[in-house]
Amino acid sequence: MEINADFDARAVVHSEQLEWVNSPMKGVSRRMLDRIGDEVARATTIVRYDPGSHFSAHTHTGGEEFVVLEGVFQDEHGDFPAGSYVRNPPTSSHTPRSEPGAEIFVKLWQFDMADRTHVNIRMDDGEFVAAGDRNGVEVKPLYSDNRENVRLERWAAGATVTIDTEGGAEFLVLDGNFVESGETFSKHSWLRVPKGYDLSITSDDGALVWIKTGHLRYVTKPTA
């Protein structure tokens, strides 16, 4: 299966407009944003767990990164409420579930295979910091290494935003809205732009956005 698999092209999904598609596990459904592969896939997905649902135990050979959008995501390592940002590196394993129900934004098979760093951050902890010469922009770092930078950015109403896209960039709207290339992005809209893309964003009403940059220099297909 291939969905938005051309990483040299701009890709957009307004996920709230998509139907949920059932996964192989009862009570777990998905909205697919990009994908290379079938059940073993390099994938970016919004996943919904119905109350009391679970997924079978599995190992993340290529790593897993997720943001809890709603509810509480759970596994044997703990409870992860809305606003959690988690990185489970390659070779990690768990048995996901959610007693109250949850929605998560999740990325699979997109790690350096030598990475063994676990991250568990509550995104409402800590302070935003003004982004230097980018007026109307505040930043809260989540993760950074020599491959990628992951952060929250808060854009003030009326801001015009520039982003370094040398290594590509990806955006998920958590709140508010913005406009790029004449297209409006609202809650849970997703945008991916290729390396060197000429990006200019305006936000009339302000927005809170999860952002990853630099990572599109490293696009590989998953292995079994």
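1. A quick word on names: helices (H or I, at least four residues) and strands (E, at least two) are DSSP runs, numbered from the N terminus. Two strands pair if DSSP finds at least two bridges between them. Here S18 and S23 (residues 201–203) run antiparallel and are joined by three bridges.

2. Before you go on, keep in mind that this is a predicted model: local features need pLDDT of at least 70, side-chain atom pairs count only at pLDDT 80 or more, and totals for chains, interfaces and linings use all residues. Residues are numbered from 1 along each chain as its sequence is written, and side-chain values use heavy atoms, with hydrogens and water left out.

3. Which strands stand at the edges of the seven-stranded sheet? This open sheet runs S2-S22-S19-S24-S17-S16-S15, again with antiparallel pairing. Its edges are S2 (11–14) and S15 (129–130), each with a single partner strand. Inside the order, S16 (residues 137–144) and S17 (residues 149–155) run antiparallel and share seven bridges; Tyr143 is partnered by Val150 in S17.

4. You'll find Arg134 in the loop between S15 and S16. Its C-alpha atom is 7.0 Å from that of Val161, although the two are 27 residues apart along the chain. Contact means heavy atoms within 4.5 Å; beyond its neighbours within four places in sequence, Arg134 touches Val139, Glu153, Val161, Thr162 and Ile163. Its side chain also reaches the backbone oxygen of Thr162 at 2.9 Å.

5. Is Lys107 buried or exposed? Lys107 sits in strand S13 (residues 102–108) and is buried, at 1% relative accessibility. Buried means under 20% relative accessible area, exposed over 50%, and partly exposed in between (1.4 Å probe, protein chains only). The Lys107 side chain makes a polar contact with the side chain of Gln110 at 3.0 Å. A polar contact is a pair of N or O atoms within 3.5 Å; within protein, one must be able to donate a hydrogen and the other to accept it, and residues adjacent in sequence count only if both atoms are side-chain atoms.

6. Finally, the rings. Rings of Phe, Tyr and Trp (its six-membered ring) pair if their centres lie within 6.5 Å; planes under 30 degrees apart count as stacked, over 60 as edge-to-face and the rest as tilted. The whole structure has eight aromatic pairs. One of them is Phe73 with Phe80, tilted, at 6.4 Å centre to centre and 40° between the planes. Phe73 is buried at 0%, and Phe80 is buried at 6%.
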